[in-house]
Amino acid sequence: MSQPESAVADAQAGGRSGQEPLAKLAKRYGLRRAIARPRFPVYLRQLWERRHFILTYATSRNVSKYSRSALGQLWQVLTPLLNAAIYYVMFGLILGGKDDIENYPAFLLTGMFVFTFTQRTVSAGARSISGNLSMIRALHFPRASLPLAYTIQELQQLAFSMGVLLVIVMITGETPTWFWLMIPVVLVLQTLFNIGAGLVVARLGAQMRDLNQLLPFITRTWLYASGVFFSIQDKVVGSADLPQWVANAMYLNPAASYIEWMREILISTHNPELGHHPPTMVLVSCVFWAVFALGFGFWYFWRSEERYGRG
Amino acid sequence: MAELTKELSQVKGDKPAVPGKDVKVHPTPEPQGKRPLDVPTGTPTVIVDDLHIVYRVYGAAAESEKGNAVNALTRLLKRQARPQMKEVHAVKGVTFVAYHGDAIGIVGRNGSGKSTLLRAIAGLLPPHKGAVYTDGQPSLLGVNAALMRELTGERNIVLGCYAMGMTPAEVREKYQEIVDFSGIDEFVQLPMSTYSSGMGARLRFAISSAKTHDVLLIDEALATGDREFRKKSEARIRQIRESAGTVFLVAHDLRVIEQTCNRVIWLHKGKIKMDGDPKEVIAAYNKG
C-alpha cells in the first residue's frame with residue numbers, strides 16, 4: 001500500500017465526517033441502534049411472545065438436569081425429603097421441637113417444602129444471567145426469559161414435592177378439607193413473589209459476581225428467620241421474651257407469610273382458633289409481597305436489559 | 001436521501017479510475033468511500049460508528065478469596081472490584097458502513113476482536129463508546145449456547161428454533177427440513193452427547209440457518225463438517241445472502257472468505273487495518 005493512497009483515504013475520511021456524521025446517515029435510512037432497551041410495555045409483550053421458548057427451556061433443563069443420575073427425576077422428591085429428615089432429627093428429636101408443637105412432622109415439612117421453593121428459585125435466579133452469558137452473547141430474546149424459565153423449572157419441581165407433602169400430611173392424621181382448595185391460591189401468590197425475587201437477584205447476580213458466594217449465607221439466615229422448624233410466636237415472644245412486634249415483623253417476611261398460610265390450611269392443630277383462615281396480617285403480607293415483588297422485579301430487571309451481555 | 005445518492009454515485013464513479021483504491025490502510029478508520037465493484041444496491045444496512053467495546057474478564061480467584069462469605073460481604077460493602085477483574089478493550093474505534101447485498105468477511109488473528117465485533121453488531125454486547133445502527137434485527141448464526149448435550153436431537157431442534165424466536169407453527173414447518181438438511185437421520189432420536197463432532201456441527205448449522213435473517217452474522221460456522229456438507233452449507237449461505245440483506249462472515253479459512261465474500265475487513269488488535277476487495281486484503285493479510 002503506497003503512501004499517497006493512504007493520504008487520499010485520510011482526506012476522504014476527514015471530509016466525510018465533516019459532511020455528515022454517521023449517526024445522521026443512520027437516521028435518514030431509518031436504521032436503529034443495534035442495542036436499545038424497548039419501552040416497558042413493549043418489553044412485556046416481547047416476553048409474552050417468547051412464552052414457548054421459556055416453557056421449553058424450563059422443561060429441557062429439568063429433563064437434562066437429572067439425565068445423568070440413576071434415580072433421575074425421583075431426586076425432585078428425594079432432595080426435600082432428605083432435607084426434612086435431617087431437620088426432623090436435628091430440631092424435632094435432638095433439640096426437642098416436637099414436644100412443643102403438635103403434629104410436628106407436618107409442621108416441619110410444610111415449612112420446609114414451601115421455603116425450599118422460594119430458596120431454590122432465588123438461588124437459581126442469581127445464576128440465571130451470570131451462568132448463561134454465552135447464550136446472552138449469541139441470541140436475541142428478552143433477558144427476563146431466563147430468570148422466568150428458572151422459576152418455571154422450580155415450579156415444575158414443586159408440583160412433585162407438593163404431591164409428596166399432601167400424602168405425608170394425610171399420613172400424619174390430617175384429613176382433606178374444602179380449605180385445601182386454597183392451596184393453589186397460596187402457591188400462585190408465592191410463585192408471583194418468586195418471579196419478582198428471581199428477577200431482582202438475576203440482575204444483582206449479573207452485576208455482582210460475589211452474590212453467588214454470599215447467597216447461601218443469606219438464604220440460611222432467611223431460613224432461620226422464617227420459622228421453618230419452630231413457631232415464631234412461641235420462640236420469639238414466649239422463650240426469648242422479645243416484644244410482640246419482633247415476632248410480627250418476622251411473620252411479615254414473605255417466606256414466613258406463605259409458610260404460615262399453608263400451615264393454616266393443612267394442619268388443623270395449627271392455631272385452631274382461626275379455623276384454617278390465615279391471620280389478616282399474614283394474608284395482607286402474602287398479597288402485598290406477590291404484587292410488589294412482581295412489579296418491582298420486572299421493572300428493576302428491565303432497567304438494565306441492554307447491559308447483561310457485558311458480563 | 002438525494003444527497004447521499006449523489007455522494008455514493010460520485011464515489012462509485014471515480015472508483016474504476018484508480019484500481020486498488022478500494023483498499024485502505026490503517027490507521028484510517030473510514031471505509032465509507034470505498035465500495036467493492038459488484039455491490040447490488042447502495043442502501044446501508046449496518047453502520048458502525050467509532051465503536052469501542054470493553055468487557056470484563058475474571059481471573060482465577062486467589063486461595064484466600066475462595067468461597068468465603070465474609071470476604072465477599074466485606075468487598076460488597078466496600079464496593080471494591082475483584083482484584084482479578086480485568087477490563088479488555090477488545091474493539092478500539094471501528095467505523096464502517098455495510099450495504100444491502102454485501103457479504104463481508106472479517107479476518108484477523110486470534111484475539112483481534114472479530115467475534116466481539118460481530119456480537120456488538122448483533123446488539124448483544126453494549127458499546128463502551130460509539131454506536132452500531134442496523135436495519136432490522138441482525139442475528140448471530142449459532143444456537144449452540146441454547147442447546148443441551150444431554151437432550152435428543154429432536155428436543156434440541158425444537159428448543160433451538162424457539163430460542164431463535166420461531167412460533168410453534170414455524171417450528172413444525174421447519175422441523176423436517178432441519179433434519180433433512182443436517183443429514184443425521186435416525187440419530188435425531190439420540191442425545192446430542194452421542195453425536196460425532198461433525199454431526200453435532202451439522203445439526204447446529206441446520207438449526208441456526210433455518211431462520212431467515214435480514215442481517216446475518218456467521219462466526220466460524222463453515223469450518224466443520226465433511227466436504228459434502230461444506231458445499232451444502234456454502235450454498236445455503238449464498239442463498240441467505242441473496243434473499244437477505246447483509247452477511248458477515250468470520251472464518252480462519254481464507255478460501256471460504258474469498259469464495260463467499262465481496263468485501264473483507266482485516267481487524268488487527270481491535271482496529272481496522274484494511275477494508276476492501278477480498279483478493280487484495282487477503283493477499284496483504286497473508287503477507288503481514
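Q: Which residues are buried in helix H13 of chain A?
A: This is a predicted model, where local features need pLDDT of at least 70, side-chain atom pairs count only at pLDDT 80 or more, and totals for chains, interfaces and linings use all residues. In H13 (residues 244-251), A:Val246, A:Ala247, A:Met250 and A:Tyr251 are buried. Buried means under 20% relative accessible area, exposed over 50%, partly exposed in between (1.4 Å probe, protein chains only). Helices here are DSSP runs of H or I with at least four residues, numbered from the N terminus.

Q: Why do they count as being on the same side of H13(A)?
A: They cover an arc of only 140 degrees around the axis, so they share a side of H13(A). The arc is taken from the directions from the helix axis to the C-beta atoms.

Q: What do the buried residues of H13(A) pack against?
A: Helices H11 (211-225), H12 (232-239), H14 (254-266) and H15 of chain A. Contact means heavy atoms within 4.5 Å.

Q: OK, H15. At what angle does it pack with H10 of chain A?
A: About 35 degrees, with the axes 7 Å apart. H10 covers residues 183-207 and H15 residues 280-302. Axes are lines fitted to C-alpha atoms over the stretch in contact, and angles run from 0 to 180 degrees between N-to-C directions.

Q: What classes of residue make the contact of H10(A) with H15(A)?
A: There are 19 nonpolar, two polar and one charged residues. Ala, Val, Leu, Ile, Met, Phe, Trp, Tyr, Cys and Pro count as nonpolar, Asp, Glu, Lys and Arg as charged, and the others, Gly among them, as polar.

Q: New topic. Where does UniProt put the transmembrane regions of chain A?
A: The unreviewed entry lists residues 74-94, 147-172, 178-202, 214-232 and 281-302. Such annotations may be inferred rather than shown by experiment.

Q: Over to chain B. Why is helix H3 called largely enclosed?
A: Seven of its eight residues (114-121) are buried, so the rest of the structure largely encloses H3(B).

Q: Which residue follows H3(B) with a positive phi?
A: B:Gly123, with phi near 80 degrees. Residues are numbered from 1 along each chain as its sequence is written.

Key:
Chains lettered and ligands numbered in written order. Heavy atoms only, no water. Helix = DSSP H or I, 4+ residues; strand = E, 2+ residues; numbered from the N terminus.
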